Amino acid sequence: MALAIEIAGIQKRFALRHTRSLKETVLWLLKGRKGDLSKTFAALNDVSLTVEEGETVALLGFNGSGKSTLLKHISGVMLPDTGTVRTRGRVAGLIEVGAGFHPDLSGRDNVFLNGAILGMSEKDIHRQFDSIVDFAEIGEFIDTEVRFYSSGMYLRLAFSVAVHTDPNVFLIDEILAVGDEPFQRKCISKIKELAEAGKTLVVVSHDLELIGQICRRGVVLEKGRIVHDAPVAEAIAHIRGQ
Ligand SMILES: Nc1ncnc2c1ncn2[C@@H]1O[C@H](COP(=O)(O)OP(=O)(O)OP(=O)(O)O)[C@@H](O)[C@H]1O
């Protein structure tokens, strides 16, 4: 099997923003700005992960463990400080609701904008347009500017565009939570369909029941490091401390 995702030794540091006292700042200036005034921490630390084509992987871990940051590196919206991330084929999904949408454009224009960002040709988007709007159940609101959309409506349109791009690698962050129950069910069955069609899935969720249904493999992160990589039931048991 070919690799869909290959992550080698990545590190990502963020600044810990906290207010410095006037004294600390003056001392720092007097010392000729030597040293770093702001502290940093590693949100991802020496993370290596390979995912084969067709695998369904859950990223698990407590709040702040680095799951979303890792997903953003796979999608390419974030770059590592060191190490490499390689993906094969078209990568799409839902990481942040509304990312890639322009608030002043209508739903219709955003379908074209977002579809293009995700690598669809204009012809493809025209061909799929009705199906995208049908799946999203946006109806007559398709010509409304998306800044007037509710978060659930954003999610519907973004999810619908993403699944219609025919991605090789599909990424999903917690995001489904803003959809209502019928739409969530519809998304979950679509995600299962993608998995059955041999697409690679990487899912971040605290809903362990759902994760158990969708994914076969579970990767557990703790303070920016991978601490467990196992069949999903085992990874879930690890998270639950069993
Ligand atoms: N752009 C950023 N700038 C600074 N710090 C960030 C940034 N993005 C994430 N972080 C920090 O990196 C750490 C990991 O965040 P991340 O969102 O990846 O965690 P997570 O495992 O997805 O958490 P949760 O389960 O709460 O969603 C957190 O401490 C977070 O505050």
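This is a predicted model: local features need pLDDT of at least 70, side-chain atom pairs count only at pLDDT 80 or more; totals for chains, interfaces and linings use all residues.
1. A backbone N or O atom of Ser65 is placed 3.1 Å from an oxygen atom of the ligand. Lys67 brings a polar side-chain atom to 2.7 Å from a ligand oxygen atom. The side chain of Ser68 has an N or O atom 2.8 Å from an oxygen atom of the ligand. On its own the ligand would expose 640 Å², and the protein buries 63% of that area.

2. Which residues are around the ligand? They are Phe14, Phe41, Ala43, Phe62, Asn63, Gly64, Ser65, Gly66, Lys67, Ser68, Thr69 and His206. Sorted by class, this shell holds four nonpolar, seven polar and one charged residues. Two or more residues of the shell come from each of strand S2 (39-52) and helix H2 (67-75). The largest share is that of H2, with three residues.

3. The chain as a whole may be described next. Eight helices and nine strands are assigned to the chain. Its C-alpha trace spans about 65 × 45 × 30 Å along the principal axes. The chain has 242 residues, and 43% of them count as buried. The accessible surface amounts to about 12,900 Å², with 51% of it belonging to carbon and sulfur atoms. Among contacts in the chain with a separation of 6 or more, 72% join residues 24 or more positions apart.

4. Helix H8 covers residues 232-239, and Val232, Ala235, Ile236 and Ile239 in this helix are buried. Seen down the axis of H8, these buried residues fall within an arc of 100°, and therefore they line one face of the helix. After H8 comes Gly241, which has a positive phi near 75°.

5. Is Thr56 buried or exposed? Thr56 counts as buried because its relative accessibility is 6%, and the cut-off for buried is under 20%. The side chain of Thr56 reaches the backbone nitrogen of Arg216 at a distance of 3.0 Å. Beyond its neighbours within four places in sequence, Thr56 is in contact with Ala195, Leu201, Ile214, Cys215, Arg216 and Arg217.

6. Thr200 belongs to strand S7 (residues 200-204) and is buried, with a relative accessible area of 1%. The side chain of Thr200 has a polar atom 3.0 Å from the backbone nitrogen of Gly54. Thr200 and Val51 are 149 residues apart in sequence, while their C-alpha atoms are 8.1 Å apart in space. With residues up to four places away in sequence left out, Thr200 touches Ala4, Val51, Glu52, Glu53, Gly54, Glu55, Asn168, Val169 and Phe170.

7. Ser106 is a loop residue, placed between strand S5 (91-94) and helix H3 (107-117). Its relative accessible area is 10%, and Ser106 is buried. The side chain of Ser106 reaches the backbone nitrogen of Asp109 at 3.1 Å. When residues up to four places away in sequence are not counted, Ser106 touches Ile142, Asp143, Thr144, Glu145 and Val146.

8. Two residues deserve attention for their backbone angles. In general, most residues other than glycine have a negative phi. Glu137, however, has a positive phi near 55°. Glu137 sits in the loop between helix H4 (122-136) and helix H5 (151-164), and at 48% relative accessibility it counts as partly exposed. Lys223 likewise is not a glycine and has a positive phi, of about 45°. Where is Lys223 found? Lys223 is in the loop between S8 and S9. With a relative accessibility of 74%, Lys223 counts as exposed.

Note on methods. Residues are numbered from 1 along each chain as its sequence is written. Side-chain values use heavy atoms; hydrogens and water are left out. Buried means under 20% relative accessible area, exposed over 50%, partly exposed in between (1.4 Å probe, protein chains only). Helices (H or I, at least four residues) and strands (E, at least two) are DSSP runs, numbered from the N terminus. The arc is that of the directions from the helix axis to the C-beta atoms. A residue is near a molecule or strand if one of its heavy atoms lies within 4 Å of it. A polar contact is a pair of N or O atoms within 3.5 Å; within protein, one must be able to donate a hydrogen and the other to accept it, and residues adjacent in sequence count only if both atoms are side-chain atoms. Accessible areas come from the Shrake-Rupley method with a 1.4 Å probe; for residues, only the protein chains shown count as cover. Ala, Val, Leu, Ile, Met, Phe, Trp, Tyr, Cys and Pro count as nonpolar, Asp, Glu, Lys and Arg as charged, and the others, Gly among them, as polar. Contact means heavy atoms within 4.5 Å.
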